[in-house]
Amino acid sequence: MVQIKPDEISAILRQQLSNFNASADLEEVGTVLQVGDGIARVYGLNNVRSGELVEFENGVKAIALNLEEDNVGVVLMGEGKEIKEGNKVRRTGQIASIKVGEGLVGRVINTLGEPIDGKGPITGELYEMPLERKAPGVIYREPVKEPLQTGIKAIDAMIPVGRGQRELVIGDRQTGKTAICIDTIINQKEFFDAGKPVYCIYVAIGQKASTIAGVMKTLQDNGAMAYTTIVAASASDPAPQQFYAPFAGAAIGEFFRDTGRPALIIYDDLSKQAVAYREVSLLLRRPPGREAYPGDVFYLHSRLLERAAKVIANDAVAKNMNDLPESIKHLVKGGGSLTALPIIETQAGDVSAYIPTNVISITDGQIFLEGNLFNAGIRPAINVGISVSRVGGNAQIKSMKKVAGTLKLDQALYREMEAFSKFGGDLDAATKLVIDKGARNVEILKQPQYTPFAVEKQVAIIYLGTQGLLREVKVKNVKAFEEHFLTEMQNKYPDILADFKKGALPDDGIAKMVELAKSIIPQYK
Amino acid sequence: MPNPRLATRYAKSLVDLAKEKGQLEAVYADMNYLLAVIKSSKDFVAFLRSPIINADKKNAVIAAVTANKVGPLTEAFNQLLIKKGRESDLPEIAAAFVDQYNHIKGIHRVKLTTATEVSEELKKAIVAKVKTEAGLAEVELETKVDEALVGGFVLEFNNNMVDASILRDLKDIRKQFEQNVYVRNIR
């Protein structure tokens with residue numbers, strides 16, 4: 001830390017004191033009628049607006065959510081113990097917002113933007129970004145066309161995610177939902193090292209603080225904290241902080257998006273956010289609907305996920321974007337994106353519950369994770385049959401698109417045939433071929449945690465799988481072969497891999513690669 | 001929990017009836033008397049709010065407190081409150097009545113809180129200032145002394161507040177130091 005001389009400190013103090021504005025302004029106030037359970041009812045505040053920030057005498061902030069005939073319902077963003085009946089509440093005239101800047105990268109903050117990692121205050125210039133902001137309109141957007149590499153073979157090959165897309169990750173507890181998202185963050189290291197970082201924001205909602213600490217440790221160990229911000233609202237935080245946490249995360253993501261940079265945000269998870277919202281709504285006496293969720297729980301998620309967008313690559317148009325906060329107007333650039341990976345936890349695989357169906361219909365596709373696949377050793381436990389990406393091939397590099405084009409169909413056919421083969425008996429040659437290839441592809445798509453694969457390596461190994469070149473490799477040896485083959489590729493033909501990465505599939509390169517594979521295969525028969 | 005909607009409704013009924021019978025001033029005086037009793041005796045409020053004491057007893061006590069002090073209309077109103085089981089809301093209703101009376105008469109209540117006693121001239125000066133600055137025609141000043149303010153004053157009217165107390169300044173300065181924006185800039 002910089003040494004601070006005594007005179008510097010007094011200089012600061014003087015500056016702080018001289019800047020202090022001692023004149024009193026006319027303020028609008030109200031009186032607390034009732035306080036408890038994280039909400040307060042206030043009499044007065046005649047002109048308060050919905051979503052406005054109000055402040056109690058002891059400095060606790062709250063957001064006005066319910067404007068009723070004779071009182072205002074506010075949700076407290078801090079501790080309510082000090083607030084008593086009869087206390088004064090004043091309007092601040094601001095809407096709820098968070099201070100965002102480059103200094104947030106690598107930090108852990110709470111919903112209010114305060115650092116909670118013990119590394120001192122957030123440094124650098126900060127810009128005020130509103131928590132609730134309207135998503136960019138149609139003319140400020142561009143179709144999703146650039147891939148967001150997750151580093152997971154099954155996803156990048158069959159359910160590609162593009163920059164600016166919203167792809168739901170859904171599954172029961174303990175099926176690896178968080179693992180997929182963490183791997184995706186870790187895979188962005190490649191871009192960070194190349195100087196084109198995809199800024200990542202991990203929003204933890206209603207999780208155990210120990211789990212959040214674990215995620216942070218994992219990201220740190222893999223060098224991913226250098227471009228990641230964690231927004232944490234743990235299970236012990238008040239419900240309003242939990243349901244506003246994704247909005248705080250989105251505000252951070254929008255800062256990167258609107259300044260022309262790609263960002264990735266993970267909401268872990270939105271079912272807990274809906275539960276927190278339900279709690280607040282019921283306490284505010286809003287009428288409950290299905291599963292006791294309030295009527296606007298769909299809007300809660302849709303307006304949040306709409307904020308994920310690919311911004312048009314034209315600076316002049318982007319500068320006129322709707323609802324731009326004053327603070328960042330001078331920084332706006334086109335071409336940025338915000339990709340969202342919301343997570344939903346289902347109960348016993350029930351995707352027809354209220355919140356899962358809502359979020360499935362909002363997002364541009366979903367990745368289904370299944371417990372029985374997980375237990376059968378297929379990890380990541382992605383059910384390829386019902387997982388889709390509605391953006392599709394536009395979000396893949398050309399080489400991957402060509403190579404993996406048939407993979408999804410192959411695997412669907414394999415699953416059908418596999419059921420037959422279970423009955424035993426002789427199979428005709430064609431069926432056997434399908435089953436052999438499918439079983440090996442399943443092996444290829446398995447992948448350990450925290451080991452994202454670069455896209456060029458994915459192209460190489462999936463080419464071998466889809467072309468049926470691994471027929472002679474024993475199923476249990478596929479993993480070992482893959483590792484050997486990819487190391488050899490890296491050592492002998494880095495230029496071919498570089499071509500794949502660029503999107504090209506040169507015939508001579510393919511021939512060389514196949515030659516190499518054939519020379520290795522005998523060791524794994 | 002105080003129930004503002006309920007208080008306004010009961011107060012409105014009393015105001016309307018009093019106006020009709022031409023007894024508005026008398027009832028206003030009664031309500032002020034009740035408010036004075038409520039303000040001076042905490043026990044009386046606790047008694048009104050107690051769910052254990054039965055209605056007959058409450059009726060008898062209220063009758064004893066108000067005997068010969070209030071008019072027949074107020075007496076009848078008190079009995080109505082007891083019959084409806086709303087005697088616990090009497091303090092809010094009385095306050096709401098005064099508010100509505102003030103509204104009819106165009107009087108604005110202004111509350112002045114200071115750290116030390118205020119002289120009459122200063123009060124007059126403040127009333128004059130409030131009248132011109134806020135555009136209020138008729139002003140009724142209520143003063144309160146609160147030593148915690150340290151100095152300065154707090155002026156409240158119509159859900160508005162001007163807080164020019166030293167206490168507020170101290171709080172604001174503390175907040176500014178807690179945020180520590182200057183330290184952040186030199187790091």
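**Exercise 1.** Find which strands helix H7 of chain A lies across, and its angle to S14(A).

*Solution.* Start with residues 270–283 of chain A, which form helix H7. Helices here are DSSP runs of H or I with at least four residues, strands are E runs of at least two, and both are numbered from the N terminus. H7 lies across S11, S13 and S14 of chain A. Next, the angle: H7 runs at about 75 degrees to S14(A). Axes are lines fitted to C-alpha atoms, for helices over the stretch in contact (C-beta atoms, placed from the backbone, within 7 Å), and angles run from 0 to 180 degrees between N-to-C directions.

By the way, this is a predicted model: local features need pLDDT of at least 70, side-chain atom pairs count only at pLDDT 80 or more, and totals for chains, interfaces and linings use all residues. Residues count from 1 along each chain as its sequence is written, while chains are lettered from A and ligands numbered from 1 in the order in which they are written.

**Exercise 2.** Work out the strand order of the open sheet of 8 strands in chain A.

*Solution.* Walk across: S8-S12-S11-S13-S14-S10-S15-S16, with mixed pairing. Strands pair if DSSP finds at least two bridges between them. At the edges stand S8 (108–109) and S16 (388–389) of chain A, each with a single partner strand, so one side of each has no neighbour in the sheet.

**Exercise 3.** Say what S10(A) pairs with in the parallel sense over 4 bridges.

*Solution.* That's S15 (residues 365–369) of chain A. Here Gly171(A) sits opposite Leu369(A). S10(A) also pairs with S14 (residues 337–345) of chain A, parallel over 3 bridges, and Val169(A) faces Ile343(A) there.

Definitions and conventions
Two residues are in contact if their C-beta atoms, placed from the backbone, lie within 7 Å.
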